Amino acid sequence: MLFIQTVISISSMVLQNCLFNNVCKKELETNDHIYRFNMIMYIVCILLFGFGVIKKEISFFTIALGFLFGVVTALSNFYKMRALTSGPMHITLLVTTSSMIIPTMSGIFFKEKFSILKLILVFILIGFIYLSFDKTDGKKTNKKWLLFCVLAFLFQGSIGVLQKIHQFSVYKAEFNGFLLVAFICSLISFNEFFT
């Protein structure tokens with residue numbers, strides 16, 4: 001069963017990233033286009049998680065953290081899509097996917113097991129990312145694209161940290177409420193900041 005879930009998970013992420021790249025390069029030319037695309041995605045998520053919260057109470061902690069999570073999610077999606085519109089997909093995805101370094105390193109604060117081997121591998125990954133920036137088909141690295149990649153990296157990595165904070169709290173059973181608040185906030189954030 002775990003193998004099947006892994007295959008489905010990897011396949012869905014590859015499909016999502018290919019669609020994002022295709023849509024970003026061909027359709028999403030302005031911030032307004034990105035806003036509309038994300039608005040539809042957030043509305044669908046609000047409807048899905050809204051059903052899981054009917055007649056359930058949500059704590060102030062979950063609402064506050066969900067609000068922050070929503071802002072960070074909106075910023076992460078925005079900068080990832082801007083990076084995809086202005087640079088190569090393979091390096092953009094390498095950088096944004098590598099953002100898992102941030103929640104991995106934050107595991108120290110959550111008393112998760114951490115080894116020297118993991119630390120060495122993190123430095124090797126950072127080295128490969130650095131080397132990748134020099135291999136952009138002979139072109140000079142686009143500074144705007146690089147800035148979008150760095151911002152997407154930071155915000156996407158922060159998503160994992162915020163999830164850990166919520167799931168290590170006494171309110172972890174309110175996960176659907178946490179995500180509902182987050183997607184409502186993401187929708188509002190996009191409306192306020194990017195239109």
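Which residues does F183 touch, not counting residues up to four places away in sequence? In this predicted model, F183 is in contact with Y42, C45, I46 and F49.

**Nonpolar cores**

F183 belongs to the largest nonpolar core, which has 16 residues. Along with F183, the members that touch the most other members are Y42, I46, F69, L162, F178 and L179. Two or more residues of this core come from each of helix 2 (31–51), helix 3, helix 7 and helix 8. Helix 8 is the main contributor, giving 6 residues. There is also a second, separate core of 14 residues, and V71, F78, F153 and C185 are among its members. In soluble globular proteins, nonpolar side chains tend to be buried together.

**Helix packing**

Two packed helices are described by the angle between their axes and the distance between the axes.

| Helix pair | Angle between axes | Distance between axes |
|---|---|---|
| Helix 3 and helix 4 | about 155° | 8 Å |
| Helix 3 and helix 7 | about 155° | 8 Å |
| Helix 4 and helix 7 | roughly 30° | within 8 Å |

Helix 3 spans residues 60–86 and helix 4 spans residues 89–97. Angles over 145 degrees count as roughly antiparallel, so helix 3 and helix 4 are roughly antiparallel to each other. Their crossing is right-handed. On the helix 3 side the contact involves K80, A83 and L84, which meet M89, T92, L93 and T96 of helix 4. By class, this contact has 4 nonpolar, 2 polar and 1 charged residues.

Helix 3 and helix 7 are likewise roughly antiparallel, given their angle of about 155°. Here, helix 3 passes helix 7 in a left-handed crossing. The residues of this contact comprise 17 nonpolar, 8 polar and 3 charged.

For helix 4 and helix 7, the axes cross at roughly 30°. The limit for roughly parallel is an angle under 35 degrees, and helix 4 is therefore roughly parallel to helix 7. The crossing is right-handed. Helix 4 contributes I91, T92, V95 and T96 to the contact, while helix 7 contributes W145, C149, A152, F153 and Q156. These residues divide into 6 nonpolar and 3 polar, with no charged residue. T92 and T96 also take part in the contact of helix 4 with helix 3, and F153 is a member of the second core.

**Buried residues in loops and at a helix end**

Which loop holds G87? G87 lies in the loop between helix 3 and helix 4. Its relative accessible area is 12%, and G87 therefore counts as buried. G87 and K144 are 57 residues apart in sequence, while their C-alpha atoms are 9.0 Å apart in space.

E174 is placed in the loop between helix 7 (143–167) and helix 8 (175–193). Why does E174 count as buried? The relative accessibility of E174 is 18%, and buried means under 20%.

S106 is in helix 5, which covers residues 101–106. With a relative accessible area of 8%, S106 is buried. Leaving aside neighbours within four places in sequence, S106 is in contact with V161 and K164.

Definitions and conventions:
Residues are numbered from 1 along each chain as its sequence is written. This is a predicted model: local features need pLDDT of at least 70, side-chain atom pairs count only at pLDDT 80 or more; totals for chains, interfaces and linings use all residues. Side-chain values use heavy atoms; hydrogens and water are left out. Axes are lines fitted to C-alpha atoms, for helices over the stretch in contact, and angles run from 0 to 180 degrees between N-to-C directions. Helices (H or I, at least four residues) and strands (E, at least two) are DSSP runs, numbered from the N terminus. Angles under 35 degrees count as roughly parallel, over 145 as roughly antiparallel, 65 to 115 as roughly perpendicular and the rest as oblique. A crossing is left-handed if the near helix is turned anticlockwise from the far one by less than a right angle, and right-handed if clockwise. Contact means heavy atoms within 4.5 Å. Ala, Val, Leu, Ile, Met, Phe, Trp, Tyr, Cys and Pro count as nonpolar, Asp, Glu, Lys and Arg as charged, and the others, Gly among them, as polar. Buried means under 20% relative accessible area, exposed over 50%, partly exposed in between (1.4 Å probe, protein chains only). A nonpolar core is a set of buried Ala, Val, Leu, Ile, Met, Phe, Trp, Tyr and Cys residues joined through side-chain atoms within 4.5 Å.
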